[in-house]
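Please examine the sequence and the structure shown below before reading on.

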Amino acid sequence: MPKTNELSQFERDLLESVRQAKSGEHARVHTPDEIQARRPGRPAGSTAEVRKVSTTIRFDPDVLEGLRATGPGWQTRANNALREWLREHN
């Protein structure tokens, strides 16, 4: 049976995590007050002068799969491609 003044492996790991966070090796530790102060819900989003408009559009499955396969930012790239197409065809 371990002595009561010895730390368990979990406690040692936890203290090491706190040390790493405080030293900046990993993400900063947030206080309970900071966590409570966060606004609930989605982030504010774009701060651009022209805000984007939410809409629904239907794509063929292969087109949507191809767009998503390009990785994060695929919606912005699709928006830019459509804008370029409009410039060329107006």
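Does Arg77 count as buried, partly exposed or exposed, and what is its relative accessibility? Arg77 has a relative accessibility of 37% and therefore counts as partly exposed. The coordinates come from a predicted model, and every value in this report is computed from that model.

## Overall architecture

The protein contains 4 helices and 0 strands. Along the sequence, the order of elements reads α-α-α-α.

Of its 90 residues, 6% count as buried. The accessible surface amounts to about 9100 Å², and carbon and sulfur atoms account for 55% of that surface.

## Helix α1 and the residue after it

Helix α1 covers residues 9-23. It comprises 15 residues and spans 21 Å from its first C-alpha to its last, which is close to the 21 Å expected at 1.5 Å a residue. Just after α1 comes Gly24, which adopts a positive phi of about 90°.

## The nonpolar patch

Phe10, Leu14 and Val18 together make a nonpolar surface patch of about 290 Å². Of these residues, Phe10 is placed in helix α1. Phe10 counts as exposed because its relative accessibility is 61%, above the 50% cut-off for that class.

## The salt bridge

Glu16 forms a salt bridge with Arg19, and their closest N and O atoms are 2.6 Å apart. Both Glu16 and Arg19 belong to helix α1, where they are separated by 3 residues, about one turn of the helix.

How accessible are the two partners, Glu16 and Arg19? Glu16 has a relative accessibility of 33% and so counts as partly exposed. Arg19 has a relative accessibility of 40% and so counts as partly exposed. The class applies to values between the cut-offs of 20% and 50%.

## Helix α3 and the residue that follows

Why is helix α3 described as lying largely in the open? The helix is made up of 9 residues, numbered 61-69, and the number of these that are buried is 0, so α3 lies largely in the open. After α3 comes Gly71, which has a positive phi near 95°.

## The surroundings of Arg77

Arg77 is located in helix α4, which covers residues 74-88. When neighbours within four places in sequence are set aside, Arg77 is in contact with Thr70, Gly71 and Pro72. Gly71, the residue with the positive phi after α3, has its backbone oxygen 3.0 Å from a polar atom of the Arg77 side chain.

A separation can also be given for Arg77 and Leu67: the two are 10 residues apart in sequence, and their C-alpha atoms are 8.5 Å apart in space.

How values were computed
Residues are numbered from 1 along each chain as its sequence is written. This is a predicted model: local features need pLDDT of at least 70, side-chain atom pairs count only at pLDDT 80 or more; totals for chains, interfaces and linings use all residues. Side-chain values use heavy atoms; hydrogens and water are left out. Patches are made of residues with over 30% relative accessible area and no salt bridge: like charges are joined within 9 Å, nonpolar side chains (Val, Leu, Ile, Met, Phe, Trp, Tyr) within 5 Å. Accessible areas come from the Shrake-Rupley method with a 1.4 Å probe; for residues, only the protein chains shown count as cover. A salt bridge is a side-chain nitrogen of Lys or Arg within 4 Å of a carboxyl oxygen of Asp or Glu. Helices (H or I, at least four residues) and strands (E, at least two) are DSSP runs, numbered from the N terminus. Buried means under 20% relative accessible area, exposed over 50%, partly exposed in between (1.4 Å probe, protein chains only). The expected span of a helix is 1.5 Å times one less than its number of residues. Contact means heavy atoms within 4.5 Å. A polar contact is a pair of N or O atoms within 3.5 Å; within protein, one must be able to donate a hydrogen and the other to accept it, and residues adjacent in sequence count only if both atoms are side-chain atoms.
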